[in-house]
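Let's take a walk through this structure, from its ligands out to its sheets and a few single residues. Keep the 3D view open as you read.

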Amino acid sequence: MSGVRHLYVHLPFCAHRCGYCDFVTAVGRVGEHAAYAEAIVGELERERRRLAPDVETVFVGGGTPTFTEPAALRRVLAALPDADELTVEANPETVTPALAAVLREVGVTRVSVGAQSFDERLLEVLERVAGPDHVRRAVHTLRDAGFDNISLDLVYGIPGQSAADLEADLASALALEPEHLSCYELEAKPGTRFTHAHGAELARQAEAMEGYAEQVVETLTGAGYRWYETANFCRGRGGDNGRELRARHNLGIWRGHDYLGVGIGAVSTLGGERRRNLPSLGRYVAALAGGESPPRELEVLDAETRAVELLMLGLRLDEPLRLGGLEPVVDGGALARLVERHLVERVAGGIRLSPRGRLLGGAVTAELLSA
Ligand SMILES: C[S@@+](CC[C@H](N)C(=O)[O-])C[C@H]1O[C@@H](n2cnc3c(N)ncnc32)[C@H](O)[C@@H]1O
Ligand code: SF4
């Protein structure tokens, strides 16, 4: 193995827990940030031999990486390998000139800001700390510090949101001229306080989701963005002055490359094996402090599982998916029918979903897979 070229680093701490979120997070616990930073640097050292000499991307995600106590955040960032793309996720209210300067100093190339919405009322429904002005200020602060690759996350289908509200959110996001936008359908996780509180309205939003997705794609492609992945858009076709503005880290994962994840809850895919670090902060820190690997689950990925994953991920992209090696999991009859219904296109180098097929997404992919 020549080494893994994609590294994910999980910094789980958040100031507060947003009702809709089910990521691996830890609220507050500022007194534990330094010990966690030591542990994650320890895990990185243990795993460093797996990394290629030329790491392509590092993604520092959360949680809220930028909520991490500054010395602990610096400790982690300083321990990262050099990479062509180094992304850090930032919550708007945490972006100060001092933070932006630290991110620049350690070589961060891309910042992903969790805007979610620009509507005061909808941000309250989401239980966000940031208001619309925080989001705008964060982007301006990052620009002033010299960042030229900023991504904004938006969610849609928020309880109480109308199509006009979504249009206003998209317009507000576009006004900030981000290089990249991620627009996610709000997923309501069963059993959460949020789902319980907004049940009926979430059901109404679920009915409207397909229309919202179409609206997002029309508005953003109309504004010149490339719809390069189901939920992801970047400025300009073929980049901007030849720059790659797709999220290179995620692109690696969608193309089925191996990646290493460190930190609680982090997932790795390494040569046919999937590892998941368990989410317990205490057990993670204790294991690494004792010179041991963190507790994790292991799953062996057989050829069929890998092929299904490659198909499901690859068809999210606007680039052709090579069918070589995937034949055993593709239903030839279904492929022919989907081509006839203009949901799948045969193109040089393989197949891809048509724009309509991409909007239907998972349903088309499911039909394509042999039973
Ligand atoms: C790992 S989260 C954390 C980012 C950051 N802490 C924040 O809150 O902005 C990354 C992105 O996932 C999206 N996300 C989180 N929960 C979601 C949900 N239930 N449904 C859809 N998207 C979600 C949000 O857009 C968020 O910015
Ligand atoms: S700040 Fe982000 S990661 Fe933390 S709870 Fe809210 S959505 Fe989840």
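## Ligand 1 and its polar contacts

Start with G63: one of its polar backbone atoms sits 2.7 Å from a nitrogen atom of ligand 1. This is a predicted model, so treat each distance here as computed from predicted coordinates. Y20 also uses its backbone, with a polar atom there 3.0 Å from a nitrogen atom of ligand 1. N91 goes about things with its side chain instead, placing a polar atom 2.9 Å from a nitrogen atom of ligand 1. How much of ligand 1 does the protein bury? On its own, ligand 1 exposes 560 Å², and the protein buries 90% of that.

Now look at the whole shell. There are 17 residues around ligand 1, and those that come nearest are G63, Q116, R128, D153 and E187. Sorted by class, this shell holds 5 nonpolar, 6 polar and 6 charged residues. Three strands each give at least two residues to it: strand 6 (110–116), strand 7 (150–156) and strand 8 (180–185).

## Around ligand 2

Next up is ligand 2. Its surroundings are made of C14, H16, R17, C18, Y20, C21, T25, G63, T64, N91 and R128. Which classes do these residues fall into? The shell around ligand 2 has 4 nonpolar, 5 polar and 2 charged members.

You've already met some of these names. G63, for instance, is part of the surroundings of ligand 2, and G63 also has that backbone contact with ligand 1.

Reading across, the order is 9-10-8-7-6-5-4-1-11, and the pairing is mixed. Which strands are at the edges? They are strand 9 (225–229) and strand 11 (260–262), each pairing on one side only. From one strand to the next, the twist averages 20 degrees.

Strand 7 and strand 8 run parallel, joined by 6 bridges. One of the pairs to look for is S151 with H180, its bridge partner in strand 8.

## Inside strand 5

Strand 4 and strand 5 also run parallel, with 4 bridges joining them. Across this pairing, V60 stands opposite V88 in strand 5. Why call strand 5 largely enclosed by the rest of the structure? Because 5 of the 6 residues of strand 5 (residues 85–90) are buried.

V88 and T109 are 21 residues apart in sequence, yet their C-alpha atoms are 8.5 Å apart in space.

Strand 13 (residues 273–277) joins strand 14 through 5 bridges, and the two run antiparallel. Strand 12 and strand 13 run antiparallel too, with 4 bridges. E273 makes a handy landmark: it stands opposite V300 in strand 14, and L270 stands opposite E273 in strand 13. Strand 12 and strand 13 form a hairpin with 2 residues between them, and G271 in the turn has a positive phi of about 50 degrees.

Is D54 buried or partly exposed? D54 is in the loop between helix 1 (33–47) and strand 4 (57–62). With a relative accessible area of 44%, which lies between the 20% and 50% cut-offs, D54 is partly exposed. D54 and E32 are 22 residues apart in sequence and 32 Å apart in space, going from C-alpha to C-alpha.

I351 belongs to strand 16 (residues 350–353). Its relative accessible area is 2%, so I351 falls under the 20% cut-off and is buried. L335 is 16 residues away from I351 along the chain, and 9.6 Å separates their C-alpha atoms.

Technical notes
Residues are numbered from 1 along each chain as its sequence is written. Chains are lettered from A and ligands numbered from 1 in the order in which they are written. This is a predicted model: local features need pLDDT of at least 70, side-chain atom pairs count only at pLDDT 80 or more; totals for chains, interfaces and linings use all residues. Side-chain values use heavy atoms; hydrogens and water are left out. A residue is near a molecule or strand if one of its heavy atoms lies within 4 Å of it. Ala, Val, Leu, Ile, Met, Phe, Trp, Tyr, Cys and Pro count as nonpolar, Asp, Glu, Lys and Arg as charged, and the others, Gly among them, as polar. A polar contact is a pair of N or O atoms within 3.5 Å; within protein, one must be able to donate a hydrogen and the other to accept it, and residues adjacent in sequence count only if both atoms are side-chain atoms. Accessible areas come from the Shrake-Rupley method with a 1.4 Å probe; for residues, only the protein chains shown count as cover. Two strands pair if DSSP finds at least two bridges between them. Axes are lines fitted to C-alpha atoms, for helices over the stretch in contact, and angles run from 0 to 180 degrees between N-to-C directions. Buried means under 20% relative accessible area, exposed over 50%, partly exposed in between (1.4 Å probe, protein chains only).
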